[in-house]
Amino acid sequence: MAYCISDDCISCGACEVECPVGAISAGDSKFVINPAICISCGTCAGVCPVGAPNPE
């Protein structure tokens, strides 16, 4: 199950640099996770200061 970033995202970019497979990129108003690439490792959730990434 891929992770998804909620509207709580503050666009700090912490998740993008930590993603081991490069599934995260900057979107229009928040960062987004490509579910086709996400391996559901949870690294993004572990580094997010506001807890925005969550399993779908």
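Me: Which residues have the most contacts inside the largest nonpolar core?

Reply: First, a word on the ground rules: this is a predicted model, where local features need pLDDT of at least 70, side-chain atom pairs count only at pLDDT 80 or more, and totals for chains, interfaces and linings use all residues. Residues are numbered from 1 along each chain as its sequence is written, and side-chain values use heavy atoms, with hydrogens and water left out. A nonpolar core is a set of buried Ala, Val, Leu, Ile, Met, Phe, Trp, Tyr and Cys residues joined through side-chain atoms within 4.5 Å, and buried means under 20% relative accessible area, exposed over 50%, partly exposed in between (1.4 Å probe, protein chains only). The largest core here has 14 residues, and those with the most contacts inside it are Ile5, Cys15, Ile24, Phe31, Ile33, Cys38 and Cys44.

Me: Which strands each supply at least two residues of this core?

Reply: Helices (H or I, at least four residues) and strands (E, at least two) are DSSP runs, numbered from the N terminus. In soluble globular proteins, nonpolar side chains tend to be buried together. For this core, the strands that each give at least two residues are E1 and E3.

Me: Is Phe31 buried or exposed?

Reply: Phe31 sits in strand E3. Contact means heavy atoms within 4.5 Å, and leaving aside neighbours within four places in sequence, Phe31 touches Ile5, Cys9, Ser11, Cys12, Gly13, Cys15, Glu16, Ile24, Ser25 and Ala26. Because its relative accessibility is 8%, Phe31 counts as buried.

Me: How far apart in space are Cys12 and Phe31, C-alpha to C-alpha?

Reply: Cys12 is in the loop between E1 and H1, and at 48% relative accessibility it counts as partly exposed. Not counting residues up to four places away in sequence, Cys12 touches Phe31 and Pro49. Cys12 and Phe31 are 19 residues apart in sequence, and in space their C-alpha atoms are apart by 8.7 Å.

Me: What separates the C-alpha atoms of Glu16 and Cys48?

Reply: Glu16 is in helix H1 and is partly exposed, at 33% relative accessibility. Setting aside neighbours within four places in sequence, Glu16 is in contact with Ile24, Ser25, Ala26 and Phe31. Glu16 and Cys48 are 32 residues apart along the chain, and their C-alpha separation is 9.8 Å.

Me: Which side chains meet in a salt bridge?

Reply: A salt bridge is a side-chain nitrogen of Lys or Arg within 4 Å of a carboxyl oxygen of Asp or Glu. The structure holds 1 of them, with an N to O distance of 3.2 Å between Lys30 and Asp7. Lys30 is in the loop between strand E2 (24-26) and E3 and Asp7 in the loop between E1 and H1, so the pair ties together parts 23 residues apart in sequence.

Me: What is the phi of Ser11 near?

Reply: Most residues other than glycine have a negative phi. Ser11 has a positive one, and it lies in the loop between strand E1 (3-5) and helix H1 (14-18). Ser40, in the loop between strand E3 (31-33) and helix H2 (43-47), also has a positive phi, about 55°. For Ser11, phi is near 55°.

Me: Is Ser40 buried, partly exposed or exposed?

Reply: Ser40 has a relative accessibility of 27%. Because of that value, Ser40 counts as partly exposed.
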